[in-house]
Amino acid sequence: YQFHTFSFFAESIAKSPEIVQNGTSNNQQAYNRRKKMRLYVAYGSNLHKKQMEERCPGAVPYAVGTLEGWELIYRGLDPEKIYATIRKSEGASTPVALWDITPENEKSLDEYEVYPTLYYKEDIPVRLENGKTITAMVYIMAEDAKPGRPSDAYIQTIREGYEDFGLDVSIFEASLEHGCC
C-alpha cells in the first residue's frame with residue numbers, strides 16, 4: 001500500500017461530517033482536527049485493520065515504514081499472556097504501519113496495552129517507504145517481561161495485519177523463530 005499525507009487529509013475530510021458542510025470543505029476545521037491527531041507505530045496485533053477499526057474508531061492508516069535498529073520479539077509478565085514488543089538491536093529492522101490516532105484512540109490504546117504497567121511509550125524515528133524519516137509514538141514492553149511464545153490466535157492476528165498493510169510476512173515468521181525464547 002502507498003499512503004500519502006494528502007490522501008490521509010482527503011480521507012479525514014471525507015470521513016468527518018463536521019468538516020464538510022453543504023458540499024464544501026472547511027480547511028480550518030480540517031487543520032484543527034489534524035493538529036489533534038498523533039502518529040502511532042503498530043508492529044503487532046494493531047496492524048490488523050479490522051481490530052483497529054473496532055478499538056480506535058477514526059484512526060486512519062497513514063503510512064508503512066521500517067524501524068531501523070529494532071527487532072520484533074515476544075514477551076510477557078505472565079507465561080500465558082505473551083505479546084509482541086520491540087527491542088533495540090544493531091542491524092535489525094522491523095516493518096511497521098503508522099496510524100493517525102485521536103486523543104480518544106490513544107486512551108483506548110493505553111488501556112489495551114496496559115500502559116504504563118505492561119508497556120511504556122516512546123517517540124522513535126520511523127523510515128517511510130519514500131525514504132523520509134519521521135518521529136512517531138510506539139509502545140514498548142516493560143524490561144522485566146520474560147520471553148515466550150504468543151498464542152496461535154495472536155500470531156494469526158499479526159499475520160493478517162502484515163497482509164492488511166502488504167508487509168513482508170517472512171520477516172514476521174522469522175521473528176517467531178528467534179524472538180520468542
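The buried residues of helix α5 are Tyr154, Ile155, Thr157, Ile158, Gly161, Tyr162 and Phe165. Buried here means under 20% relative accessible area, exposed means over 50%, and partly exposed lies in between (1.4 Å probe, protein chains only). Seen down the axis of α5, these residues fall within an arc of 160°, so they line one face of the helix. The arc is taken over the directions from the helix axis to the C-beta atoms. On the other side of α5, Asp152 and Ala153 are exposed.

This is a predicted model: local features need pLDDT of at least 70, side-chain atom pairs count only at pLDDT 80 or more, and totals for chains, interfaces and linings use all residues. Residues are numbered from 1 along each chain as its sequence is written, and side-chain values use heavy atoms, with hydrogens and water left out.

Helix α5 covers residues 152–165, 14 residues in total. Its first and last C-alpha atoms are 20 Å apart, close to the 20 Å expected at 1.5 Å a residue. That expected span is 1.5 Å times one less than the number of residues. Helices (H or I, at least four residues) and strands (E, at least two) are DSSP runs, numbered from the N terminus. Glycine 166 follows α5 with a positive phi, near 70°.

Helix α4 (residues 103–112) buries Asn105, Glu106, Leu109 and Asp110. Down the axis of α4, its buried residues fall within an arc of 145°, so they too line one face of the helix. Glu104, Lys107 and Glu111 are exposed on the other side. Valine 114 follows α4, also with a positive phi, near 50°.

| Helix | Elements packed against its buried residues |
|---|---|
| α5 | α3 (49–55), β4 (60–78), β5 (81–101), α6 (169–178) |

The largest nonpolar core has 47 residues. Such a core is a set of buried Ala, Val, Leu, Ile, Met, Phe, Trp, Tyr and Cys residues joined through side-chain atoms within 4.5 Å. Tyr40, Tyr74, Ile86 and Leu98 touch the most other members. Two or more residues each come from β3, β4, β5, β6, β7, α5 and α6. The largest share, eight residues, is from β5.

Overall, the protein has six helices and eight strands. Of its 181 residues, 48% count as buried. Among contacts with a separation of 6 or more, 68% join residues 24 or more positions apart.

Note on methods. Contact means heavy atoms within 4.5 Å.
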